[in-house]
Amino acid sequence: MSEPVLAAILTRHRTSPPNILHTLLEIQEALGSVSPGVIPEIARTLGVTEADVAGVLSYYPELRTAKPGRHVIRLCLGESCMANHGATVLDRLRAHLKIEVGETTRDGRFTLERIYCVGNCAVGPSLMVDGDVIGLVRPDQIPALLEKYQ
């Protein structure tokens, strides 16, 4: 982890009360992930316990402790997308990528994550690849859709 980057972020976040989530999100944005090894330093700087930091880090699915693949696929598992066969899309993604939710492909190209709303309910099931929102996803489209992200 880049020590100067981490130190600069922590210096900016010395506030009262501390905002653990905002701090962790900024660290992840700058460094790609929040290494569990820096939890003590974050806690000490913010004046909170290590359990407080670890609790926030483990609670929010958007936060990760390992660097993701080059492309992050987030499949919506909200009610509307699930009602429109989102589980079938998830099954196809898992089979095509040969990974489970929360894992990264062996080649480091894709990480598969779940999200519970992408704001695209009218055209579910939806997924996001990086920042691209794609609606009306059918299982048979998965190979061609992912081919665009070589």
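Biologist: Over how many bridges do β3 and β4 pair?

Modeller: This is a predicted model, in which local features need pLDDT of at least 70 and side-chain atom pairs count only at pLDDT 80 or more, while totals for chains, interfaces and linings use all residues. Residues are numbered from 1 along each chain as its sequence is written, and side-chain values use heavy atoms, with hydrogens and water left out. Strands (E, at least two residues) and helices (H or I, at least four) are DSSP runs numbered from the N terminus, and two strands pair if DSSP finds at least two bridges between them. For β3 and β4, the pairing is antiparallel, over 3 bridges.

Biologist: Which strands stand at the edges of the sheet?

Modeller: The open sheet is formed by 4 strands in the order β2-β1-β3-β4, with mixed pairing. A strand with a single partner has one side left without a neighbour in the sheet, so the edges are β2 and β4.

Biologist: What distance does α6 reach from its first C-alpha to its last?

Modeller: Helix α6 covers residues 86-97, which is 12 residues. The expected span is 1.5 Å times one less than the number of residues. For α6 the expectation is 16 Å, and the helix reaches 16 Å.

Biologist: Within what arc do the buried residues of α6 fall?

Modeller: Buried means under 20% relative accessible area, exposed over 50%, and partly exposed in between (1.4 Å probe, protein chains only). In α6, the buried residues are G86, V89, L90, L93 and L97. They line one face of the helix because, seen down its axis, they fall within an arc of 100°, taken from the directions from the helix axis to the C-beta atoms.

Biologist: At what angle does α6 run to β1?

Modeller: Contact means heavy atoms within 4.5 Å, and the cover over the buried residues of α6 includes β1, β2 and β3. Axes are lines fitted to C-alpha atoms, for helices over the stretch in contact, and angles run from 0 to 180 degrees between N-to-C directions. Helix α6 lies across β1, β2 and β3, and its angle to β1 is about 155°.

Biologist: Is T105 buried or exposed?

Modeller: T105 sits in the loop between α6 and β2. Leaving aside residues up to four places away in sequence, T105 touches L97, I99 and F110. Its relative accessibility is 8%, so T105 counts as buried.

Biologist: Is R106 buried or exposed?

Modeller: R106 also has its place in the loop between α6 and β2. Its relative accessible area is 91%, so R106 is exposed.
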